[in-house]
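Visitor: Hello! Could you show me how to read a structure, one feature at a time?

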Amino acid sequence: MDAPADARAVERLRALVRIPTIARPTSGPGPRADRSAFEQFIAALPGLYPRVHAALERERLGTDPEGTTGYTLLYRWAGSDPRGARTPTVLMAHYDVVAATDEGWRHPPFAGELVEHEGEQVVWGRGAIDDKGALAAVLEAVERLLEAGVTPRHDVLLLFGHDEEVAGTGARAVVAALRERGIRPALVLDEGGAIVEGVFPGLHEPAALVGVTEKGITTLRLRVEQHGGHAASPPPLTATVRLARALLRLNRRPARSRLDATTRTMIRTLGSRVRGPLGLVFRRVDLVAPLLVPVLRRRGAETAALLRTTRAVTELRAGHAANALPESAEATVNIRIAPGESVARAVDDVRRAIADDAVQLTVLEPSEPAPVSPAHGPAWDDLTAAIDEIVPGLLVSPYVMMQASDARFLTPISDHVYRFTPFRLSAAERACLHAIDERIRVRSYLEGVRVYEALLRRR
Ligand SMILES: [Zn+2]
């Protein structure tokens, strides 16, 4: 390892963390995103990664609804084989970050401090992992390869979104452009899984979890309407109570649990390194699935979410005065749809569980579970070989990502979409995503740079 180069790499990440590119919804009552920070971020990149900006073309796509300037960045690194222009490798990241104030942080979120933490050097701040960490590591890898005189065989595209955290349109705009150009990426790599420990019963070693699909997502609005009136003479079932009853019924009837094919593969793969009877059970998952499902369901919320479509009641609204009957009551239910299920089925299940026609259902922004990319074939093999080159012997497993990402927008134009950030993340570090004290270990960051580098050398 080249120590001064690594130190510079860390400085560059810190510089990017310091620019407060806070994501804000593009509609609704709240404040809009401060695009001057986004401009500042875009302007900072050429100085930090000069070779990338000398050798690659850069386009700005993905505008705000009311704007004309694009903030999502698409870089093209031309490959040596012109036939590879239509089957590029696409590395994705996003540079918008979840809002943060100094409150509660041990080191401020936008200071990009380099601190000693639990015996290791750590870059502290919002976006250090999600997802400026990945963005900077990708740029660093390309910068190093350019310095080494490497040219990929096929094109390499870098897609850096500006509105991932608010489910915006940036990545979709790029997909539309790529589709128009007849491009079908041979490999797409976006954020998602990581190198993690302690996530699987009986497994006492780290494993790289690569998302080969992601759950679908939709928002469901439940609404009960009623004539208003004086609260002194209420009907037996007010709109509020009727809604509450619906929500309780919903809670009593969770969606069915099952082990989809990807989760079975994950259990088999990770189980291959689990000793004793537990390992035996995991390796025979197909035989024991009916027995395993109830056991896993009881293991906690995260494991249970692996098995089924989940529903979370996130918002409640009703009433306008303490002494008046509510004219309406409304709840928002956030639904995450398991692979093999569908939005229609999930909504149907909700309707049946509630069993009350007076509760109106409105489906907002439905997004089906993503198609499953194969955990074999050249794209997968290149990714796993790159991981193995940098972290020899590391267990690599496909898994179902439970969060939604921009990667889902790429699935219509690519059959090989993977969700994996090559950083080692402890449970504590994972808990900091979208929360206070987000940070990344320098060692983990530099290892990630090398994985991207090793991957691109194979493309
Ligand atoms: Zn992210």
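Guide: Gladly. Let us begin with contact, which means heavy atoms within 4.5 Å. Before we go on, please note that this is a predicted model, where local features need pLDDT of at least 70 and side-chain atom pairs count only at pLDDT 80 or more, while totals for chains, interfaces and linings use all residues. Residues are numbered from 1 along each chain as its sequence is written, and side-chain values use heavy atoms, with hydrogens and water left out.

Visitor: Which residues does aspartate 190 touch, not counting residues up to four places away in sequence?

Guide: With that exclusion, aspartate 190 touches Met92, Ala93, Asp131, Ser405, Asp406, Ala407, Tyr418, Arg419, Phe420 and Thr421. Aspartate 190 itself is found in strand β7. Helices (H or I, at least four residues) and strands (E, at least two) are DSSP runs, numbered from the N terminus.

Visitor: Which backbone atom does the side chain of aspartate 190 reach?

Guide: A polar contact is a pair of N or O atoms within 3.5 Å; within protein, one must be able to donate a hydrogen and the other to accept it, and residues adjacent in sequence count only if both atoms are side-chain atoms. Here the side chain of aspartate 190 reaches the backbone nitrogen of alanine 407 at 3.1 Å.

Visitor: Is aspartate 190 buried or exposed?

Guide: Buried means under 20% relative accessible area, exposed over 50%, and partly exposed in between (1.4 Å probe, protein chains only). Aspartate 190 is buried. A salt bridge is a side-chain nitrogen of Lys or Arg within 4 Å of a carboxyl oxygen of Asp or Glu, and aspartate 190 has none. For charge, Lys and Arg count as positive and Asp and Glu as negative, while His and the chain ends are not counted. The nearest side chain of opposite charge to aspartate 190 is arginine 419, 6.8 Å away.

Visitor: How many salt bridges does a search of the whole structure find?

Guide: The search finds 40. One of them joins arginine 106 to aspartate 437, with the closest N and O atoms 3.1 Å apart. Arginine 106 lies in the loop between β3 and β4 (114–117), and aspartate 437 in the loop between α13 (427–431) and β15 (439–441), so this pair ties together parts that are 331 residues apart in sequence. Arginine 106 counts as exposed at 53% relative accessibility, whereas aspartate 437 counts as buried at 5%.

Visitor: What separates arginine 351 and aspartate 348 in helix α11?

Guide: About one helical turn, because they are three residues apart in that helix (residues 343–354).

Visitor: Which residues coordinate the zinc ion?

Guide: Donors are N, O and S atoms within 2.8 Å of the metal (3.2 Å for Na, K and Ca); water is not among the atoms, so sites may look incomplete. The zinc ion is coordinated by His94 (NE2), Asp130 (OD), Glu191 (OE) and Glu191 (OE), at 1.9 to 2.6 Å. Histidine 94 lies in strand β3 (residues 89–94) and glutamate 191 in strand β7 (residues 187–196), so the pair ties together parts 97 residues apart in sequence. Histidine 94 is buried at 1% relative accessibility, and glutamate 191 is buried at 12%.

Visitor: Why is the arrangement around the zinc ion irregular?

Guide: Four donors count as tetrahedral if all angles lie between 85 and 135 degrees; four count as square planar and six as octahedral if opposite donors are over 155 degrees apart and all others between 65 and 115; anything else is irregular. Around the zinc ion, the four donor atoms subtend angles of 53 to 150°, which makes the arrangement irregular.
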